[in-house]
Structures are given as C-alpha cells and as structure tokens.
Amino acid sequence: MIFLVIHIFMFSAEVTMWRAGIPEKVEEIPKGDIGVIYSMINQERMNEGLSLLKLDDTLSHLAWAYADDMVRRDYFGHINPEGENVGDRLDRARMAYSLAGEILAENRSAEGAVEAWLKSPGHYEAIMQEGYEKMGIGVVESDDDYKIYVVVFYRPLKFPNFNKTVIFGSR
C-alpha cells in the first residue's frame with residue numbers, strides 16, 4: 001500500500017490528500033530521493049492526523065549543505081566538528097525559528113532511510129512533532145553506494161504585528 005501511495009506522489013504534479021474529510025492540496029511533489037522522503041514523511045504524518053509539511057527551498061539548501069559537509073569532512077552527527085547544531089545553522093542563515101529539529105541517516109536508499117527513522121522511537125518522535133510547518137531535505141552521495149540524508153524540520157518565529165494602532169485612553 002505504501003509503495004502505491006509513493007508511486008502516485010512521485011508521478012503526479014498535483015495530489016489532493018484527505019484527512020478527516022478535509023482536502024489538503026500538495027503541489028508539485030519532487031521526484032527522486034527527495035520526493036520519496038517528502039511523500040513518506042507526510043504520509044506518516046497524515047496517518048497520525050498531523051498537518052502536512054511544506055518543502056522549503058532554503059531549508060533544503062541548508063540540509064544539502066550539511067550533508068555535503070559531513071561527506072567532505074568525513075564525520076556523521078547532529079553536531080559538526082566546530083560544535084554547531086541545526087539551531088546554529090538556522091541562525092547563521094538568519095532563519096528565526098520557534099521550533100526546529102533534524103534527522104540524519106546513512107543508507108543505500110531513501111525508502112530505507114525513512115523506514116529506519118520510523119522504526120526508531122527518537123526519530124519517529126521528531127517526524128511526528130506537532131507544530132512543524134516546513135521541512136528541508138538534503139541528499140548527498142557518500143562512499144560505497146551509500147547516501148547521507150538530512151531532513152530539517154522548522155516552524156518560523158512569528159513576531160507580533162507592530163503596525164496596529166493602539167489607543168490607551170481618551171479625555
């Protein structure tokens with residue numbers, strides 16, 4: 001069943017998903033590994049009644065750059081050799097956030113990476129975190145037919161509207 005859903009997502013430019021009778025439109029599903037990860041994560045979130053995440057180009061660039069850095073400098077982990085984490089990388093990109101997370105995998109396939117995340121309680125919890133609005137996905141080829149997969153989850157920091165006029169009293 002999941003294969004069929006992924007197949008539909010990967011080859012459809014526009015898909016409507018149904019959750020509790022309310023359609024949620026997903027436009028232009030990416031192809032390849034990014035499309036597989038995007039579709040599988042959103043399918044699992046939909047199965048649990050959570051909102052679907054939008055794929056964000058800036059977050060995807062950050063995820064790709066981090067995957068590329070891990071491959072080039074031969075390390076793997078949420079913290080780089082300089083001690084920076086996903087929050088530091090978002091700060092450097094000037095992306096204010098109220099909620100952020102990251103999952104990593106080294107695997108031969110995107111399907112295998114997502115299946116491993118879904119079986120891991122910590123990764124599953126990150127994927128199912130309520131409040132995320134966007135995700136970015138980066139994929140970089142590594143040695144021995146493996147790829148490094150990075151997914152960054154994000155909810156922007158929303159500032160109050162300071163343009164409102166407030167009158168505190170009158171005489």
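This is a predicted model: local features need pLDDT of at least 70, side-chain atom pairs count only at pLDDT 80 or more; totals for chains, interfaces and linings use all residues.

Student: How many helices and strands does the chain have?

Tutor: The chain has 6 helices and 6 strands. Along the sequence they run α-β-β-α-β-α-α-β-α-α-β-β.

Student: How much of the chain is buried?

Tutor: Buried residues account for 42% of the 171 residues. The chain exposes about 10300 Å². Carbon and sulfur atoms supply 52% of that area.

Student: What share of contacts joins residues at least 24 apart in sequence?

Tutor: The share is 63%, counted among contacts between residues at least 6 apart.

Student: Let's turn to salt bridges. How many does the structure hold?

Tutor: It holds 9 salt bridges. One of them joins the side chains of Lys-134 and Asp-56.

Student: What makes Lys-134 and Asp-56 a salt bridge?

Tutor: The test is a side-chain nitrogen of Lys or Arg within 4 Å of a carboxyl oxygen of Asp or Glu. Here the N to O distance is 3.7 Å, so the pair passes the 4 Å limit.

Student: Which parts does that pair tie together?

Tutor: Lys-134 lies in strand 5, and Asp-56 in the loop between strand 3 and helix 3, so the bridge ties together parts that are 78 residues apart in sequence.

Student: Why is Asp-56 called buried and Lys-134 partly exposed?

Tutor: Buried means under 20% relative accessible area. Asp-56 has 15%, so Asp-56 counts as buried. Lys-134 has 26%, so Lys-134 is partly exposed.

Student: How do you know that Arg-73 and Glu-82 form a salt bridge?

Tutor: Their closest N and O atoms are 2.7 Å apart. The limit is 4 Å, so the pair counts. Arg-73 is partly exposed because its relative accessibility is 35%. Arg-73 and Glu-82 also belong to a network of salt bridges, linked with Asp-68, Asp-69 and Arg-72.

Student: What about Arg-92 and Glu-84?

Tutor: This pair forms a salt bridge too, with closest N and O atoms 2.9 Å apart. Arg-92 has a relative accessible area of 53%, so Arg-92 is exposed. The cut-off for exposed is over 50%. Glu-84 has 24%, so Glu-84 counts as partly exposed.

Student: Which charged residue is buried yet has no salt bridge?

Tutor: Glu-44. This residue is found in helix 2.

Student: How do you know that Glu-44 has no salt bridge?

Tutor: The nearest side chain of opposite charge is Arg-45, 10 Å away.

Student: What does Glu-44 touch, leaving out residues up to four places away in sequence?

Tutor: Leu-118, Tyr-124 and Met-128.

Student: Which residues of helix 5 are buried, and what covers them?

Tutor: The buried ones are Ala-110, Gly-112, Ala-113, Val-114 and Trp-117. Their cover includes helix 2, strand 4, helix 6 and strand 6.

Student: Which residues form the negative surface patch?

Tutor: Asp-74, Glu-106, Glu-141, Asp-143, Asp-144 and Asp-145.

Student: How far is Asp-145 from Asn-107 in sequence and in space?

Tutor: The two are 38 residues apart in sequence and 8.5 Å apart in space, C-alpha to C-alpha.

Student: What is phi for Asp-144 and for Arg-94?

Tutor: Asp-144 has a phi near 55 degrees, a positive value in a residue other than glycine. Arg-94 is not a glycine either, and its phi is positive at about 60 degrees.

Student: Where do they lie, and why are they called exposed?

Tutor: Asp-144 sits in the loop between strand 5 and strand 6. Its relative accessibility is 62%, so Asp-144 counts as exposed. Arg-94 is in the loop between helix 4 and strand 4. At 77%, Arg-94 counts as exposed because the cut-off is over 50%.

Technical notes:
Residues are numbered from 1 along each chain as its sequence is written. Side-chain values use heavy atoms; hydrogens and water are left out. Helices (H or I, at least four residues) and strands (E, at least two) are DSSP runs, numbered from the N terminus. Buried means under 20% relative accessible area, exposed over 50%, partly exposed in between (1.4 Å probe, protein chains only). Lys and Arg count as positive and Asp and Glu as negative; His and the chain ends are not counted. Contact means heavy atoms within 4.5 Å. Patches are made of residues with over 30% relative accessible area and no salt bridge: like charges are joined within 9 Å, nonpolar side chains (Val, Leu, Ile, Met, Phe, Trp, Tyr) within 5 Å. Accessible areas come from the Shrake-Rupley method with a 1.4 Å probe; for residues, only the protein chains shown count as cover. The place of a charge is taken as NZ of Lys, CZ of Arg, CG of Asp or CD of Glu.
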